Amino acid sequence: MDKKLFALYFIMVFVIISFLILPNKRPIFADNLDYGNMATYTFYTLEKTDNTLSYTKNGDAYIVSCNAKQAGSIKQKLGKILGESVCFKGDKIAGLNFISKLDYTSILTEDVNGIFTLYAYSPKIENYVYINNKKVNIELAVNKGVVTIGSPIIVGSY
């Protein structure tokens with residue numbers, strides 16, 4: 001095997017292994033973000049890792065919010081992420097359309113006091129929690145014309 005072919009082979013193996021072992025630093029909802037600056041993206045993290053970001057203390061964790069277009073670059077700067085969410089104006093149909101690309105299975109739905117909530121599981125998302133002994137990694141809530149979608153669940157209010 002000549003040196004060029006060996007080098008190319010080595011680079012390909014390195015790239016594949018890197019994708020398999022490095023944590024995913026793309027926002028979970030990145031492929032669905034058609035809302036541009038109209039959407040707010042929020043990360044929940046255990047530590048402050050970048051002094052250029054604005055952190056809000058929330059119990060033992062920190063919240064970092066940004067517009068949806070910034071979500072990819074912000075996530076790169078964060079350490080251990082507990083969860084993330086996106087929020088935009090819309091209705092139940094807009095929310096369901098937003099998560100449709102995630103090939104989810106509905107686990108539980110509620111409609112209480114005008115607030116629609118869906119708990120679901122997607123094999124496309126790594127982290128999950130258990131609700132009623134079932135894996136859940138998507139929560140969708142629609143309240144007064146605002147859609148909030150979180151993973152593994154929505155942390156905070158909606």
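## Element order

Read from the N terminus, the elements of the protein follow the order α-β-β-β-α-β-α-β-β-β-β-β-β. That makes three helices and ten strands, where helices (H or I, at least four residues) and strands (E, at least two) are DSSP runs numbered from the N terminus.

## Basis of the values

This is a predicted model, in which local features need pLDDT of at least 70, side-chain atom pairs count only at pLDDT 80 or more, and totals for chains, interfaces and linings use all residues. Residues are numbered from 1 along each chain as its sequence is written, and side-chain values use heavy atoms, with hydrogens and water left out.

## Burial, surface and contacts

Of the 158 residues in the protein, 37% are buried (under 20% relative accessible area, 1.4 Å probe, protein chains only).

Contacts (heavy atoms within 4.5 Å) between residues at least 6 apart in sequence join residues at least 24 apart in 54% of cases.

## Backbone exceptions

Most residues other than glycine have a negative phi, and most peptide bonds are trans. In the loop between β7 (129-131) and β8 (134-136), Asn 132 has a positive phi of about 55°, and Asn 133, in the loop between β7 and β8, has a positive phi near 60°. Asn 132 is exposed (over 50% relative accessible area) at 58% relative accessibility; Asn 133 is exposed at 77%.

The peptide bond between Ser 151 and Pro 152 is cis, with omega about 0°. Pro 152 belongs to the segment after β10 (146-151).
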